[in-house]
Amino acid sequence: MLMDLFDRLFPINRSITGDGVRESLSILGEIVPISQKEYPSGTECFDWTVPKEWNVRSAFVKDGQGRTLIDFKENNLHLMGYSTPFQGYVSREELMEHLYTRPDLPDAIPYVMSYYKENWGFCVEHSRLAEFKDEWYEVVIDSELKDGHMTIGEGFIQGSSGREILLSTYVCHPSMAINELSGPLVQTMVYRYLQQREGDLKYSYRFLYVPETIGSLLYLSQHGDELKRNVAAGYVVTCVGHGEAFTYKKSKQANTLADKAAMHVLKQSGKLHKVVDWNPFGSDERQYCSQAFKLPMGSLMRTMYGEYPEYHTSLDNRSLISEEVLEETVQMYIDLIETLEANETYECTHIHGEPKLDKRGLYPYTGGTRTKAQQRQISAITNLLAFSDGSHDLMDIAEKLNVMGKDLREAALLLEQHGLLRNVSSARYDLLTQMG
Amino acid sequence: MLMDLFDRLFPINRSITGDGVRESLSILGEIVPISQKEYPSGTECFDWTVPKEWNVRSAFVKDGQGRTLIDFKENNLHLMGYSTPFQGYVSREELMEHLYTRPDLPDAIPYVMSYYKENWGFCVEHSRLAEFKDEWYEVVIDSELKDGHMTIGEGFIQGSSGREILLSTYVCHPSMAINELSGPLVQTMVYRYLQQREGDLKYSYRFLYVPETIGSLLYLSQHGDELKRNVAAGYVVTCVGHGEAFTYKKSKQANTLADKAAMHVLKQSGKLHKVVDWNPFGSDERQYCSQAFKLPMGSLMRTMYGEYPEYHTSLDNRSLISEEVLEETVQMYIDLIETLEANETYECTHIHGEPKLDKRGLYPYTGGTRTKAQQRQISAITNLLAFSDGSHDLMDIAEKLNVMGKDLREAALLLEQHGLLRNVSSARYDLLTQMG
Amino acid sequence: MLMDLFDRLFPINRSITGDGVRESLSILGEIVPISQKEYPSGTECFDWTVPKEWNVRSAFVKDGQGRTLIDFKENNLHLMGYSTPFQGYVSREELMEHLYTRPDLPDAIPYVMSYYKENWGFCVEHSRLAEFKDEWYEVVIDSELKDGHMTIGEGFIQGSSGREILLSTYVCHPSMAINELSGPLVQTMVYRYLQQREGDLKYSYRFLYVPETIGSLLYLSQHGDELKRNVAAGYVVTCVGHGEAFTYKKSKQANTLADKAAMHVLKQSGKLHKVVDWNPFGSDERQYCSQAFKLPMGSLMRTMYGEYPEYHTSLDNRSLISEEVLEETVQMYIDLIETLEANETYECTHIHGEPKLDKRGLYPYTGGTRTKAQQRQISAITNLLAFSDGSHDLMDIAEKLNVMGKDLREAALLLEQHGLLRNVSSARYDLLTQMG
């Protein structure tokens, strides 16, 4: 299903506004409910303003003999994003001022845009420049740049507590795979999984599909205070379709619940991964983590933006993406969410030495004769009793045992039933959130 | 002497109660004064209760031809600990339900016990199961399980301060060497050394010989508040007879005086060692470090429980233990205690630059002409003066010089005589203890 | 120029007092203004007292045949520092009591002194002891030891703030290169550079040329409180003429502005270096960092005292020193000072996400088309905006970008002009200083 969706979404001409965004969200909306909200051009969001809406019907460049040298139909990256309408004959010299190439990647069409200054341009493979030998060219850009709307997609699942987990991805790049479609695809699959658990969730879950940068700023300008109040942890879902290793980019605060859970789950998964510090080259964590909001949000990726040569070119396409990688990433997000859902902090009610476990059926009466499974269960039980002091949560104790936090859930519930553990998460929880 | 004692103690049938414990403590009591205190069956200690007292006269299994297949006289590990009295003929099938082996160690008799659920059983080498071919067997267990007492051994040496060092070992396993006798033997030798220094000690010293787990819980239930008030540092003495390297298991709080001193002395000894975190698989530090008491106690061991394959079997015997290893461990405990005894915190009385040392005879008048011994003395003196600011004790300063804390004692006393250092330990001491 | 100065200064007989100090300071005073202050013998400085002044006219030892075996004229190290006047015939045995050699370095004349106990002595190559075969020797020491003065050299450049940077070196050893002249030479070149920037400096700069130990104590006894109030950072300039790698010895407090800046500049320079902890074997940082003053002073060196075999002998001479090394060290001190001068702490005024940079001309309008220089500028700008929160200074942010703090100065000033950063150094500054 993932690659079918991919193939439907890939050819659509997305930008930070326009019908391509709406169409993409509608296709994803066949899988999970995504509401589309429209914000008119001119809407102010902090230091920024929603620009005019842009749509394209066609665009091409022909040479003196009428041969089509560049055609938007073949690859929407050929047209610079937000190119203004244009029709006319231009000299070779003038055309060259509007032509972008990547000499370092001669077979790639670069991805170029000019959202906030009116201009037009074409992008082409550097290796094809030799074809532009004529003196005059016909240029047609049948685009529309006028007051309209910016579109934001949003999904929501209600949990039992007032706290929420925020996943955010972006929908604004034309035909690119890793640095565009991998994010919405993975986020939508995680959303679908959580829908199946609806009614059984501690946290609420919010899923944002925004044009990068201005979209998250726009959402923050409308709902920032609400997010600041409610978000317990969040992740920007981007660049999740390529590469053997995972990459976790920490939140700016670097010690939030989001960071703790992601690093714990990656470590206990045993999978290859690296952790990088927050920095202002990136995606929407730049806005979510800004000083006014300081949301506890990191970004769980695979090979990240800027670390693969095909980034921001036509070479970032289907040949890079792998269904296995997408699915493994979905599973990692699910493990992460399940660990967050399972994570509680307990206090042991029996503090004078160890409680007697055999008389409660929690320990074999005969010493020296345990199976491996019994040994694992005993290890979980004794460590939960020893370290549950109101300041270690399940993830902390799981780290000592080298297992994933969610794997201690069952033993913890058993001890709670026996009155040996008392759940004190709510107090602890507030603390962790304030740290974030 | 150590191996003579070993040979007298090894054959005795010890358990958590019974005459074997009393006899073992009496033999050690020939070396140092050990008082034996008796607590009746049924005494409550927190979540636990002192069980009935168990003693054994004889126990055997014979086959159909009257051949003795298992005999308690040959090795007391053959009888499961706390086996109830039994006499009768049993089928092969029924016998097998009461027979314990270790398939992974076919030549070992496993150590099995059932203190808190009445049952009987025999333990035998897995390789000998083939001998049990007959249909019927005569089983005789001439044991006694009835109201009696649990015995705890205790020694005490008075020091000049109100603070004490606690050493605790266990006496409750039948014929095993590392995971039983090495502990009482080493503790008794350390106790004997300190007896010779009686009258010259800063700390008091308490030596406990308890049945593991329930014995320390019993002692804590009677004297826990007192220990909590007085113990400055303590160590559980176990598994100290085997292996090239030392193992130090930290206290649960991990930053107590006990931990600081043990890690300092091990490091400065230059001997192979490793340090492991506290965890709830272990010996009586599980109880001493529990939340209600948080005693500053670690465990200074050699190869530890669970890390040698012979653990809890008849293969943990005289062939594993080494007199050299026992004696080296005694010496390490003595170095540790001497460092604790020597450890003081000073304040330099001269804070405006360096004091003039030559005019006090503490430095050679002629520059550039020092012997190695002078250099060492000067190094001790200048570092003590530079770093004695009321927050660094002798161990801290010794770490900077890469020597053992006790090696700075002499220079510190000299500077104190000259009025250049002032002992401010009492204030500092209280602080460290509270940390513990 | 450096080696010309070296050649003029090398032969002069310096000690902790005497005309050699005055002559040396006068020669350096040809380059930069150095005032000479005189303190009479008997002046008390804490636990110490300024000794008598010592000057030497000539000194030699002749054997029975009248052959001159040792002559002060040939190398002033031959005479023990502070040798009292003496004239007479002494037996071989008596001479030997006054003769110092270094058996481990047989071709070196050792450096020996006896400032605070009246005595006389000669120092000679161990390999030449065989020449002392006669029974009687003529010894002449035409020296003068009488009430006089100790001389301290001082320079000062006024900056715009009330805070100062202190550089201190020593002038008290006779003919040695690394462990004497390298310090005054480098300090004087740095002083000369700062003179050229006079009027444009944030900090004031103080340059001390003192006899080691007693000189810094003397200065502290006169001006210690003033230094304690004003010094923001300082460095002892010694052993700066030899060796490939830099050595930074931290201040005793270990986390001062002096330490932060030196370690930052060394790291970002990419040059080989090591960092060592403060310890009481060293130079005047022993006094400056003492408890009463705790000046934030480290020592930026090359191969340091005690780490090269020629230390404190006649082998520490011109053959060890290198003009390139001296000049590279001067440059490192200049980089360090420029980073201190440039270092400010800012707060970003726009905290709701990122400000829009293109509309202010701080960012290219067309995405995906940046030059390397633009990329560097954008990186500086975005990181300054992201991390300027009143608790990260330019050095902190530069560390994230792996550049030197002074390299962010320009971008910071640009953002301040645009009103996007607000300088909050003064508050932060006081804090850092208190830490020191």
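This report describes a predicted model, taking in turn the relation between its chains, their interfaces, a helix pair and several strand pairings.

## Relation between the chains

Two copies of a chain are related by a rotation about an axis and a shift along it.

## Interfaces between chains

Where chain B meets chain A, 21 residues of chain B are in contact with 19 residues of chain A. On the side of chain B that touches chain A, helix 5 (214–230) and helix 7 (285–288) of chain B each contribute at least two residues. Sorted by class, this side of chain B holds 12 nonpolar, 6 polar and 3 charged residues.

Where chain C meets chain B, 22 residues of chain C are in contact with 19 residues of chain B. The side of chain C that touches chain B draws at least two residues from each of helix 5 (214–230) and helix 7 (285–288) of chain C, and by class this side has 12 nonpolar, 7 polar and 3 charged residues.

## A helix pair in chain B

Helix 4 (residues 177–196) and helix 8 (residues 323–342) of chain B pack with their axes 9 Å apart and at an angle of about 45 degrees. These two helices of chain B, helix 4 and helix 8, are therefore oblique to each other, and their crossing is right-handed.

On helix 4 of chain B, the contact is made by Ser182(B), Leu185(B), Val186(B), Met189(B), Val190(B), Tyr193(B) and Leu194(B), while helix 8 of chain B brings Leu326(B), Thr329(B), Val330(B), Tyr333(B), Ile334(B) and Ile337(B). The residues of this contact between helix 4 and helix 8 of chain B comprise 11 nonpolar and 2 polar, with no charged residue.

## An open sheet in chain B

In chain B, 3 strands form an open sheet in the order 18-17-19, with antiparallel pairing. Strand 18 (389–393) and strand 19 (421–423) of chain B stand at the edges, each with a single partner strand, so one side of each has no neighbour in the sheet. From one strand to the next, the twist averages 40 degrees.

Strand 17 (residues 345–348) of chain B is joined to strand 18 of chain B by 2 bridges, and the two run antiparallel. Glu347(B) has Asp389(B), in strand 18 of chain B, as its bridge partner.

## Strand pairings in chain A

In chain A, strand 1 (residues 35–40) and strand 10 (residues 149–157) pair in the antiparallel sense over 6 bridges, and Pro40(A) stands opposite His149(A) of strand 10. Strand 10 of chain A also pairs with strand 12 (residues 204–210) of chain A, in the antiparallel sense and over 5 bridges. The bridge partner of Ile157(A) in strand 12 of chain A is Tyr205(A).

Technical notes: Residues are numbered from 1 along each chain as its sequence is written. Chains are lettered from A and ligands numbered from 1 in the order in which they are written. This is a predicted model: local features need pLDDT of at least 70, side-chain atom pairs count only at pLDDT 80 or more; totals for chains, interfaces and linings use all residues. Axes are lines fitted to C-alpha atoms, for helices over the stretch in contact, and angles run from 0 to 180 degrees between N-to-C directions. Helices (H or I, at least four residues) and strands (E, at least two) are DSSP runs, numbered from the N terminus. Angles under 35 degrees count as roughly parallel, over 145 as roughly antiparallel, 65 to 115 as roughly perpendicular and the rest as oblique. A crossing is left-handed if the near helix is turned anticlockwise from the far one by less than a right angle, and right-handed if clockwise. Two residues are in contact if their C-beta atoms, placed from the backbone, lie within 7 Å. Ala, Val, Leu, Ile, Met, Phe, Trp, Tyr, Cys and Pro count as nonpolar, Asp, Glu, Lys and Arg as charged, and the others, Gly among them, as polar. Two strands pair if DSSP finds at least two bridges between them.
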